[in-house]
Structures are given as structure tokens and as C-alpha cells.
Amino acid sequence: MEIVEKIINGDRRAAAKLITLVENNFSQAQEILKKLYNYTGKALVIGLTGPPGSGKSTVTDKITKILRGQGKTVGIIAIDPTSPFTGGALLGDRIRMQDLSLDKGVFIRSMSTRGHLGGLSQATQATVKILDALGKDIIFIETVGVGQSEVDIVKVADTVVLISMPGMGDDVQIIKAGIMEIGDIFVINKADKEGCERLATEIGMMLDLNQNKKWHPPVLKTIATDNVGIKKLLEEIDRHISYLKESGELEQRRRESAKKEIFDLIQEQWKETLSTFIDNGFLNKIVTKIVNREEDPYTAVEKLSNVLVHSYTQGGVKND
Amino acid sequence: MEGKKIRILIAKPGLDGHDRGAKVVARALRDAGMEVIYTGLRQTPEQIVETAIQEDVDVIGLSILSGAHTHLFPKVMELLKENDIKDIIVMGGGVIPEEDIPELKKAGIAEIFTPGTDTRDIIKFIKEKVR
């Protein structure tokens, strides 16, 4: 297949076009992705996550520059939210990465969530593979600015860097479940702001309570705009990757990632099949029955599932 | 997965530091359901074209107020040609004198929107062109 050939030979346009196809028409893209899969699995995937404005793009920009100095190639997937009202998006992560746009060893793709929750977009995992096949050594995924529960990144990345900043709330926020549990490395950016020391201590104390973990996440301070602490961050990422490899956790994580992908793909496929039913008025009939108390929603769904499975195995969905 | 979405790069070539207009247009296009990639100030034509390739956009919108449009706009078109890209529509906006417009269109710029343009006209133009 020509496009696969082009991508593994480093054709940026072919890669960009395939990413678009993944976003717009997955079933078509899938046929190409099947053939691309054999050329993937070499890249390391680093996730950067944290609240809006904490400095994810700036940190990505600075780390990438150091990696380029070491001769490594980099892919960056930068995700911003889609408007739930209009479906539009303003993707502005490139503003912090302007110097990288002419470096042929760097490929940046801005992406919107398109209604997907969890901090990533539906197309993220496939895009990682495309950039991997394109020959990028390191792939950064910059999540949307997250709150407390957008933790999908942990299932996609090898290493998760959680970037926070001083002044975002008291110490109870830190012991809440969710986002604070997923960091392999904690970064306090804008470390010249008041409250940095206190935040570092609080995160440190929170982490001390995780006694059963073999990896003890470091807490680092950075001022990304001034390049302070970035080298240290990269060293810690390296250290974490070595740990993953030696402990066998890397394989474990990649198994989790594959599992998540299978679940996502199946859900997506069934959603499509289901929406065909919805389109042709079948759903309306069921809704009417439920509202009129002629049938309960549980039985209706049981019946519907049976019909779906049947029509799926027979190939194609028919109106009934 | 959803269907096709219009992707557009809003870029500011040249040295002027005024991006109010670019931001207003970016916002209007976002509200019209498009995915707008905004890259910030002082972009070279080379940066703009490379970004357009990686982001696989349908449209490039160039905003300029410095007066260098007669040089920078055709330069973008030239670079697109060099990269064998024919499927990206390029439009321009900003303080551009009427008498310069025919020359820019001859260079391949699809449309020029001068100050006072209704953003709805820009949206209509894009939606008609991309498809």
C-alpha cells in the first residue's frame, strides 16, 4: 500500500493526511492502520498532563529542544477541547512551540477532543502509531487542560508527567482520588511563584503514603519559560523509562494500553451499529413503548442487544 | 467517529504585533464549528507552510497589517507550489489597499478580506470553497 510506504519513508504529508482520515472516517483509515501496525512499537510515549495554563506546551517545547540536541526525533500530539455547543475548536498549543515548526525532526499535530472525554481524543492512539511509523523516537502527548478525573493518558503513555503550579488549592485537593494518582513524575512549574515550597512538601507527603509502590515519583520544580529544571526533568524521564524496562512494567503498561484500545474500538464499532438503528426510527418505537409503560427499559435493551448481535453477525443492520 | 471538519490555520506573517483581528476571526470560525489552529505572531512563510502540512488544513488565513503583504502572501503561495500542494485554499485579511488586491489574487490568493468585513461573509466563503 502506497501510503504506508510513504509514511515509513518519512513523508510528513502522507502522515498528516492519514491522521485526518483517522479523525474523519475511521473505518477507511482502519484498513491502512492494519498494514501500518507492523512498523510501530519502537517509540517511547510520554504523556504530559495538568490543569490549563500550568505550562504543558512550554515544557514540551523546552524538552523537545534538548532531545533534538541529542539527535532524537520527536512527535507531538497536542490536544485542546472541542466546543460542546458548536463543535468548533481553537487549537493554540503551537504558539509555545513556534521555533520547532521548521525542524524536520519534529512533527506536531494539534487535535481537538471532538466530544471525547478523558483528556484525549478518540484518534490519539492511532495517531501515536502513525508518528511511530513515521520514525519519531519520542512521542509526547499533551492532554487537554485537565481537572480531576481526566486520566486516560495513564493507559496510553509509558511515562506520565503531571504538571501543576502553585496556588491551585489546599492540601485536601492533593489527596483526592484521580489525577494526583497517575503521575510518574510530578512537576511544579512556575516555581518562582509563591506557594511552590508548600505545594512540593504536600505532594511529597502524599506520595510518601503510597508505600507499596516500587517507583517513588520524584517532585521537581521548573520555570519552563526560563528553561530552569528542564534538564533534570528529562533525566528523571530517562530514569523512569529504565525502571519500566528493568521491572517489566513497560510490558505491563503496553498490555493495558492494548486493552484500552480494544475496548475503545469495540465501543466505537457498536456505537456506529446502534446509530444506524436510531437513524431509521427504530429507537422511537422503543421509546414510545417505554414512555407508555408498555415495556420497561431493561427488557427493551435486552431485546435490542439481541437484535444488534444478530444483525451484526449477519452483516449489516436491517430495520425491524 | 464524526465526519469531516474544516481545519483552518490562522497565521500572522511578518513583523507587526497586532493580532486582534486574527483572534476575532479565529473565534468566529471556531463558533462556526471549525477547528482553528492559531500559531501566534511573527511567522515566516516557511513556518506557515510547514505548519499547514503537518496540520493538514483545508484553508490558510493570513492576517497582516504591516504592509508587507505584496511580498509575504505570494511567498506563501510559492512555497505551497514548491511542496506540490494544490488543495489548500489561501485567503488574506488586514490592512490591504484595494489596488493591491488584483495582484494578490493573480498570485493565487483566493480572497482578500479588508477591515469592516462581516465575519459571516468569511464563514460563508470558506464553507462554499471547502467541499
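Q: Which handedness does the β-α-β unit made by strand 1, helix 1 and strand 2 of chain B have?

A: A crossover is right-handed if, with the strands pointing away from the viewer, the path from the first strand over the helix to the second runs clockwise. In this predicted model, strand 1, helix 1 and strand 2 of chain B make a right-handed unit of this kind. Helices (H or I, at least four residues) and strands (E, at least two) are DSSP runs, numbered from the N terminus.

Q: What should I know about the numbering and about the limits of a predicted model?

A: Residues are numbered from 1 along each chain as its sequence is written, while chains are lettered from A and ligands numbered from 1 in the order in which they are written. Because the model is predicted, local features need pLDDT of at least 70 and side-chain atom pairs count only at pLDDT 80 or more, whereas totals for chains, interfaces and linings use all residues.

Q: Which strands pair with strand 1 of chain B?

A: Strands of a sheet pair through backbone hydrogen bonds, either parallel or antiparallel; two strands are taken to pair if DSSP finds at least two bridges between them. Strand 1 of chain B pairs in the parallel sense with strand 2 of chain B over four bridges, and B:Ile10 stands opposite B:Tyr38 there. Four bridges also join strand 1 of chain B to strand 3 (residues 59-64) of chain B, again running parallel, with B:Ala11 opposite B:Leu62.

Q: Is strand 1 of chain B buried or exposed?

A: A residue is buried if 20 or more other C-beta atoms lie within 10 Å of its own, exposed if 12 or fewer, and partly exposed in between, with C-beta atoms placed from the backbone. Five of the five residues of strand 1 (residues 7-11) of chain B are buried, so this strand is largely enclosed by the rest of the structure. B:Arg7, B:Leu9 and B:Ala11 point one way and B:Ile8 and B:Ile10 the other way, and all are buried.

Q: What is the order of the strands in the open sheet of chain A?

A: The sheet has seven strands in the order 4-2-5-1-6-7-8, with parallel pairing. Strand 4 and strand 8 (219-221) of chain A stand at the edges with a single partner strand each, so one side of each is left without a neighbour in the sheet. From one strand to the next the twist averages 20°, where axes are lines fitted to C-alpha atoms, for helices over the stretch in contact, and angles run from 0 to 180 degrees between N-to-C directions.

Q: Where does strand 2 of chain A find its partners?

A: Strand 2 of chain A pairs in the parallel sense with strand 4 (residues 106-112) of chain A over seven bridges, in which A:Ile76 has A:Ile108 as its bridge partner. Strand 2 of chain A also pairs in the parallel sense with strand 5 (residues 138-142) of chain A, over five bridges, and here the bridge partner of A:Val74 is A:Ile138. Seven of the seven residues of strand 2 (residues 74-80) of chain A are buried, so it is largely enclosed by the rest of the structure.

Q: How many residues of each chain are in contact across the interface?

A: Two residues are in contact if their C-beta atoms, placed from the backbone, lie within 7 Å. By this criterion, 25 residues of chain B are in contact with 31 residues of chain A. On the chain B side, the elements that give two or more residues are helix 1 (20-31), strand 2 (35-38) and helix 2 (45-55) of chain B, and helix 2 of chain B supplies the largest share, seven residues.

Q: Which strands pair between the two chains?

A: Three bridges join strand 3 (residues 89-91) of chain A to strand 2 of chain B, and these strands run parallel. Within this pairing, A:Leu90 stands opposite B:Val36.
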